[in-house]
Amino acid sequence: MAFELPPLPYSKSALASKGMCEETLELHHDKHHQAYVTALNGFVEKDPQLQGKSLEEIVKLSHGKEAMAPVFNNAGQHWNHILFWKCMSPSGGGIPGALEKKINDDLGGVQKFKDAFKAAGGSQFGSGWAWLVLGSDGKLKVTKTPNGSNPLATGEGKVLLACDVWEHSYYLDFRNRRPDYLQNWLDKIANYEFAEAELKG
Ligand code: MN3
């Protein structure tokens, strides 16, 4: 079974009033994400050791192996983007109670969480991702990864929020202003209902 591009869980214009325009989602989902899926399927077709494996298995199998870097980059990006679409919502921005309490307990409050997330995403040199994860110690943690890497590969924990800080994610809407994209994403777009469901799940 070839890997497939999942449909967006909202229309491409659904986030336009929130600071992510239709063209951004069209290019990002239909072109960028599709390209990772197509490339990954190409690698799987040529490599018997990848055949029959789940996406998670391929991410873990290829992580840290120099010869498999192209496989890892594309499998990682497929996995990351599947999450990213779920981590945004037209009704995003509001933090439900149980998640807010956990953020207060583990990260010192919502403002500190957002500052840490902005710092992680803003300081990721070049392309990459900012994450809110639930660590194996049961505590929330804000982290970042370069390029196509992710907490599944690094073993840093269960992802509650994934934010793409590659330029293709924000350049049409915010130009070079990545900190503004991150602030807007956290305040208006982030799907904290999803994060809370993952926290409880
Ligand atoms: Mn992307």
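Analyst: We begin with a term for the metal site: donors are N, O and S atoms within 2.8 Å of the metal (3.2 Å for Na, K and Ca), and since water is not among the atoms, sites may look incomplete. The model is predicted, so local features need pLDDT of at least 70 and side-chain atom pairs count only at pLDDT 80 or more, while totals for chains, interfaces and linings use all residues. Residues are numbered from 1 along each chain as its sequence is written, and side-chain values use heavy atoms, leaving out hydrogens and water.

User: What makes His28, His81, Asp164 and His168 donors of the manganese ion?

Analyst: The atoms concerned are NE2 of His28, His81 and His168 and OD of Asp164, and they lie 1.9 to 2.1 Å from the manganese ion. The limit for this metal is 2.8 Å, so they count as donors. Along the chain, the donors follow the spacing H-x52-H-x82-D-x3-H.

User: Why is Asp164 called buried?

Analyst: Buried means under 20% relative accessible area, exposed over 50%, and partly exposed in between (1.4 Å probe, protein chains only). Asp164 has 0% relative accessibility and therefore counts as buried. His168, at 18%, counts as buried because of the same cut-off.

User: Is Tyr171 buried, partly exposed or exposed?

Analyst: Tyr171 has 34% relative accessibility, so this residue counts as partly exposed. Tyr171 is placed in helix H7. Helices (H or I, at least four residues) and strands (E, at least two) are DSSP runs, numbered from the N terminus.

User: How do you know that E1 and E2 are paired strands?

Analyst: Two strands pair if DSSP finds at least two bridges between them. Seven bridges join strand E1 (residues 128-134) to strand E2 (residues 140-146), and these strands run antiparallel. Six bridges join E1 to E3, also antiparallel. Trp129 stands opposite Thr145 in E2, and its bridge partner in E3 is Asp164.

User: What makes E2 and E3 the edge strands?

Analyst: The three strands form an open sheet in the order E2-E1-E3. E2 and E3 each pair on one side only, and they are the edge strands.

User: Why are H2 and H3 called oblique to each other?

Analyst: Helix H2 (residues 55-62) and H3 pack at an angle of about 140°, with their axes 9 Å apart. Axes are lines fitted to C-alpha atoms, for helices over the stretch in contact, and angles run from 0 to 180 degrees between N-to-C directions. Angles under 35 degrees count as roughly parallel, over 145 as roughly antiparallel, 65 to 115 as roughly perpendicular and the rest as oblique. H2 and H3 are therefore oblique.

User: Which residues of H2 and H3 meet?

Analyst: Contact means heavy atoms within 4.5 Å. Leu55, Glu56, Ile58, Val59 and Ser62 in H2 meet residues of H3, including Val71, Phe72, Ala75 and His78.

User: What is Leu40 in contact with, and why is this residue called buried?

Analyst: Leu40 lies in helix H1 (residues 22-46). Leaving aside neighbours within four places in sequence, Leu40 is in contact with Phe3, Leu55, Ile58, Val71, Asn74, Ala75 and His78. Leu40 has 0% relative accessibility and therefore counts as buried.
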